[in-house]
Amino acid sequence: MKLTKAQYEEVVQFLAQVPPTRQSLRKLKEKFPSQSQSTLLSIFSQEYQKLIKRTHAKHHTPEATEAYYQRYLKGVIKNAASPVLLELANEVDFAPSLMARIVLERFLQEQDGSVPSKTLINSLLRDPSQIPDGVLAKQVYQCIVNDYCYGPLVDCIKHAIGYEHEVLLQEMLLERNISFLAEDQLRAKGYDKTPDFILEVPIV
């Protein structure tokens with residue numbers, strides 16, 4: 001079903017009233033059953049990312065970082081099995097994976113006495129089992145698998161979808177005997193910008 005501007009605005013207004021969680025996605029589908037899940041997920045992701053960009057700075061102040069870390073510590077002391085980080089992220093309307101990054105960075109800083117490198121943090125987020133604290137590892141994992149817009153899992157899915165479309169496009173070009181240069185060929189020729197494909201002969 002084609003989405004009208006009025007319907008789009010209605011979806012956006014609904015999203016503004018609910019937290020960006022898995023449960024809200026279910027409610028969104030129930031509220032707008034005539035719209036496809038992919039359409040609703042696309043709008044959800046777009047609005048969610050707008051929210052994160054607007055509020056990103058306030059979550060990264062030294063005061064906020066310390067407050068989140070202390071709340072995490074108190075939460076896991078009280079109940080280590082509870083999804084403390086995920087619930088904290090939902091409470092403050094922040095992406096779970098980004099909340100996990102904040103707390104992980106603060107944890108590593110406390111452990112090593114210095115600011116950890118982005119390479120190390122990214123590596124631990126991709127494989128939480130390597131985090132030198134079992135409780136935090138589970139908390140980070142919960143955040144990653146419950147984040148629809150950010151984090152290594154989402155990045156992996158986006159990469160897979162992008163590659164799938166690239167393969168489909170290449171097959172279409174080959175089927176139609178359209179001459180083209182692929183990205184690796186463009187890179188070998190020294191192109192600064194390398195789109196997936198460039199047609200060798202323009203189609204008019």
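Me: Why is Asn177 called exposed?

Reply: In this predicted model, Asn177 has a relative accessible area of 72%. Exposed means over 50%, so Asn177 is exposed. Asn177 is placed in the loop between helix H9 (152-175) and strand E1 (180-182).

Me: What makes the phi of Asn177 worth a remark?

Reply: Most residues other than glycine have a negative phi. Asn177 is not a glycine, yet its phi is positive, at about 55°. Asp93 also has a positive phi of about 55° and is not a glycine; Asp93 lies in the loop between H5 and H6.

Me: Why does Asp93 count as partly exposed?

Reply: The relative accessibility of Asp93 is 31%.

Me: How is the packing of H5 and H6 described?

Reply: Two packed helices are described by the angle between their axes and the distance between the axes. For helix H5 (residues 84-91) and helix H6 (residues 96-112), the axes come within 9 Å and cross at roughly 115°. The crossing is right-handed. From H5, the contact is made by Leu85, Leu86, Leu88, Ala89 and Asn90, and from H6 by Pro96, Met99, Ala100 and Val103. These residues divide into 8 nonpolar, 1 polar and no charged.

Me: What makes Ser97 a buried residue?

Reply: Ser97, which is in helix H6, has a relative accessible area of 4%. Buried means under 20%, so Ser97 is buried. Residues up to four places away in sequence aside, Ser97 touches Cys143, Ile144, Asp147, Tyr150 and Gly151.

Me: Why are the buried residues of H4 said to line one face of the helix?

Reply: The buried residues of H4 are Ala64, Thr65, Tyr68, Tyr69, Tyr72, Gly75 and Val76. Seen down the axis of H4, they fall within an arc of 130°, and therefore they line one face. These buried residues pack against helix H3 (37-59), H5, H6 and helix H8 (134-145). On the face turned away from the buried side are the exposed residues Pro62, Glu63, Lys74, Ile77 and Lys78.

Me: What makes the buried residues of H7 line one face?

Reply: In helix H7 (residues 118-126), the residues Ile121, Leu124 and Leu125 are buried. Down the axis of H7 they fall within an arc of 100°, so they line one face of the helix. Their cover includes H6, H8 and H9. The exposed residues Thr119 and Arg126 are carried on the face of H7 turned away from its buried side.

Me: Why is Tyr8 called partly exposed?

Reply: Tyr8, in helix H1 (residues 5-15), has a relative accessible area of 24%. Because buried means under 20% and exposed over 50%, Tyr8 is partly exposed. Beyond its neighbours within four places in sequence, Tyr8 is in contact with Leu3, Ile43, Gln46, Glu47 and Lys50.

Me: How far apart are the C-alpha atoms of Tyr8 and Ser179?

Reply: The two C-alpha atoms are separated by 40 Å, and Tyr8 and Ser179 are 171 residues apart along the chain.

Note on methods
Residues are numbered from 1 along each chain as its sequence is written. This is a predicted model: local features need pLDDT of at least 70, side-chain atom pairs count only at pLDDT 80 or more; totals for chains, interfaces and linings use all residues. Side-chain values use heavy atoms; hydrogens and water are left out. Axes are lines fitted to C-alpha atoms, for helices over the stretch in contact, and angles run from 0 to 180 degrees between N-to-C directions. Helices (H or I, at least four residues) and strands (E, at least two) are DSSP runs, numbered from the N terminus. A crossing is left-handed if the near helix is turned anticlockwise from the far one by less than a right angle, and right-handed if clockwise. Contact means heavy atoms within 4.5 Å. Ala, Val, Leu, Ile, Met, Phe, Trp, Tyr, Cys and Pro count as nonpolar, Asp, Glu, Lys and Arg as charged, and the others, Gly among them, as polar. Buried means under 20% relative accessible area, exposed over 50%, partly exposed in between (1.4 Å probe, protein chains only). The arc is that of the directions from the helix axis to the C-beta atoms.
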